[in-house]
Amino acid sequence: MDERKCPLCSEPAKQQIVDLDNWQIVKCVGCGFIYADDNMPVDELKRHYDDCYEDTRRWAELLDKISTRRFSSLLKEMRGRTKIGRLVDVGCSFGAFLEAAQKDGWEAIGVELSENVARYGIEEKHLDVINAPLEQANLKDSSFDAVTMWHTLEHVPHPMSTLHECARILKPGALVAVEVPNTTFQLAKSKVFSLLGKPEMGLEKGSHLNHFTAQSLRQALKMAGFQGIEIIPGYGSAHTHRTLSLRLKESYGDFCRQMCEWTGAQLGNTICAFAWKGVETSELQTQEKPFVSVVVPTYNRRCALKKTLHSLFRQDYPHDRFEIIVVDDCSSDDTDKIVTSITHLSPVELKYVCAHSNMGPGASRNLGIRKARGEIIAFADGDIIPCSSWLSNGLQPFMQSPLIGGVEGMTVPHDEGRITPFTHMTANTTGGRFPTCNMFYRKKVLEIVGGFDESFYDRGSKVHFREDLDTAIAVMRRGFNIPFASGALASHPPHDPYMRRPIDLAKRYFHDPRLMQKHPRKWRKWIDPLKIGPWMVSMPRHKLYSLYLACAVSLAPAWVLGDFTLSVAVTAGFLLCSLGVIALHVRGCRDCPIKDIALAVPVALACPFVFAYSWVKGWASKNENGVDP
Ligand SMILES: [Zn+2]
């Protein structure tokens, strides 16, 4: 048996941790990586798998049968993280995943070492499979949107060279998805089984050459240049076809994912990593005074737009270093004429772009991004008034680190006397809300995340919501930071009041379920966080509304069926929640006529019902919107 150096850090020194009779499992003294101390040449591996899967048809049918649910879950995990495009599945086996991915819209090819297995995929399933190790498959540089490796990396003799090859063939910002056994779990399993004289259980003697833990998998991905690494309990490599044990394993997996979300512990028998190919930091290096495109989306706000543009003309940033792009979302109020009439006043290049039809703010911003020349894009909604140092202060953080993907400006209410329960206010004084009315992003980073997801706009009702939070989360998930710059100050006047406003605002929650679906586990931290002293309460409005609704619907049953104490308790709860709901709606109002406050009470009390209705409707339709941003 040839001795092997650490496949991660090349350190030759190691400690034996398990001896499986002519098969040593060792731990690197340098980095702690656990691996099988056997230099298995690739042709020997190939023979090994050819022998293993000799009866191809039986294996293919079995694996197809047991992996349907698993692959659909993995594809769902991928959908929230990347756009659908070209994919290569490394170690594609009989092609079950390739078929599932194709059904999901991916243009998918496979790479498979075993000749028997690859031939089955090509001849029986008519799949595009290359019969070679990944390193010899001759795939083009930067040509894929995703690489998947489901239970492959533990089998390859040189995992780092495989990961580097993945990075080479992926486009910048594209996704790698890896699932491997969780060695922490498998070692424990082996210990338990060694009491029964079977220490090889879980360690796959003769076939698993690398034993990753969450920590070493993260390390390996990082060394290969991936960023934004997320590790979750995997969806298993079910080597079983018994329905009951399959269901049990799946339920255990669900339990582990929940535990991982709460505690960060990896209890599953497998781990699954998602990461993005980093962008060359040299491409993100920002020089002094970068060229900036200020994108101003607008829709029927001609008067406010004029003020916004005038304040942009007064920026203290060098006039030859920025341009302004007004994107008109098909307004019907002569916005074009307003822009034309003040173009001659602009000290910088002022472009006017009009959408062909009303597509929502996300689509307007995407149109602006496509027209932009700047390496940084500053977003200013057509109703904010930026201070004169808005641009220079907002750009400052980008020069400090290439990992700054975006900067959040500070937005303060303006003309507070006009606030009534029926106005709409956007304020962001502490950060963490990412409203795109006052945000800066690197153009490169926006391109990586695919711009703004246009499906967060309902064209029928013209209701849009969460597309800005979605983009911010997507940027942060790729390992970029979005600091808050209080110097990038803009004021935002309250929108004109009208009676139905609170109801219309409650309808926006239609888009919440889709955000949650796109960013499972991540959204919780970012949906409307409220800071009370040292505590962070997530989703306070959701919680208050839910409590109010729960009390409201239990009122009648409690009085009819319950005893007196219960009925009184439910009624008290309902009244308390009602007060909370009313307070939520009238907060911030100053010098507001008492008549308006009185009118606001019934409207506020109706809002939770509209909220719940919209939310359920959004939940039901979240898959229809299409998954591809
Ligand atoms: Zn090592």
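This talk walks through one protein model, from its confidence values to its zinc site, sheets and loops.

First, the ground rules. This is a predicted model, in which local features need pLDDT of at least 70 and side-chain atom pairs count only at pLDDT 80 or more, while totals for chains, interfaces and linings use all residues. Residues are numbered from 1 along each chain as its sequence is written, and side-chain values use heavy atoms, with hydrogens and water left out.

Confidence next. pLDDT is the predictor's confidence in each residue, from 0 to 100. The mean for the protein is 86. 97% of its residues reach 70 or more. Where is confidence lowest, and where highest? Helix α9, residues 281–284, is lowest, at a mean of 70. Strand β4, residues 86–90, is highest, at 96. A word on those names: helices (H or I, at least four residues) and strands (E, at least two) are DSSP runs, numbered from the N terminus. Look also at residues 625–629. There pLDDT stays under 50. The model has 11 contacts for that stretch beyond four places in sequence. Contact means heavy atoms within 4.5 Å.

Now the domains. The assignment gives domain 1 (41–278), domain 2 (282–497) and domain 3 (505–629). Such bounds come from an automatic or database domain assignment. The centres of domain 1 and domain 3, taken over C-alpha atoms, are 42 Å apart. Still, 10 residues of domain 1 are in contact with 9 residues of domain 3.

On to the zinc ion. Which residues coordinate the zinc ion? Cys 6, Cys 9, Cys 28 and Cys 31 do, each through SG, at 2.3 Å. Donors here are N, O and S atoms within 2.8 Å of the metal (3.2 Å for Na, K and Ca); water is not among the atoms, so sites may look incomplete. Along the chain, the donors follow the spacing C-x2-C-x18-C-x2-C. Cys 9 sits in the segment before β1 (14–19), and Cys 31 in the loop between β2 (24–28) and β3 (34–36), so this pair ties together parts that are 22 residues apart in sequence. The site is tetrahedral, with angles of 103 to 114° among its 4 donor atoms.

The scale: buried means under 20% relative accessible area, exposed over 50%, partly exposed in between (1.4 Å probe, protein chains only).

Next, Ser 216. Ser 216 lies in helix α7, residues 214–223. Is Ser 216 buried or exposed? Buried, at 9% relative accessibility. Leaving aside neighbours within four places in sequence, Ser 216 is in contact with Leu 8, Phe 33 and His 211. From Thr 183, Ser 216 is 33 residues away in sequence and 9.9 Å away in space, C-alpha to C-alpha.

Now the sheets. Two strands pair if DSSP finds at least two bridges between them. β4 and β5 (residues 107–111) run parallel, joined by 5 bridges. Arg 86 has Glu 107 as its bridge partner in β5. β10 and β11 (residues 270–277) run antiparallel, with 6 bridges. There, Ile 232 is partnered by Cys 272 of β11.

What about burial? In β10 (residues 226–233), 8 of the 8 residues are buried, so the strand is largely enclosed by the rest of the structure. In helix α5 (residues 159–169), 8 of the 11 are buried, so that helix is largely enclosed as well. Among them are Met 160, Leu 163 and Cys 166.

A second open sheet has 8 strands: β14-β13-β12-β15-β18-β17-β21-β16, again with mixed pairing. β14 (349–354) and β16 (385–386) are its edges, each with a single partner strand, so one side of each is left open. β13 and β14 pair in the parallel sense over 6 bridges. Ile 324 has Leu 350 as its bridge partner in β14.

Last, backbone angles. Most residues other than glycine have a negative phi. Cys 330 has a positive phi of about 65°. Cys 330 sits in the loop between β13 (322–328) and α11 (335–342). Asp 334 lies in the loop between β13 and α11, with phi near 60°. Cys 330 is partly exposed at 29%, and Asp 334 is partly exposed at 34%.

Terms used:
Four donors count as tetrahedral if all angles lie between 85 and 135 degrees; four count as square planar and six as octahedral if opposite donors are over 155 degrees apart and all others between 65 and 115; anything else is irregular.
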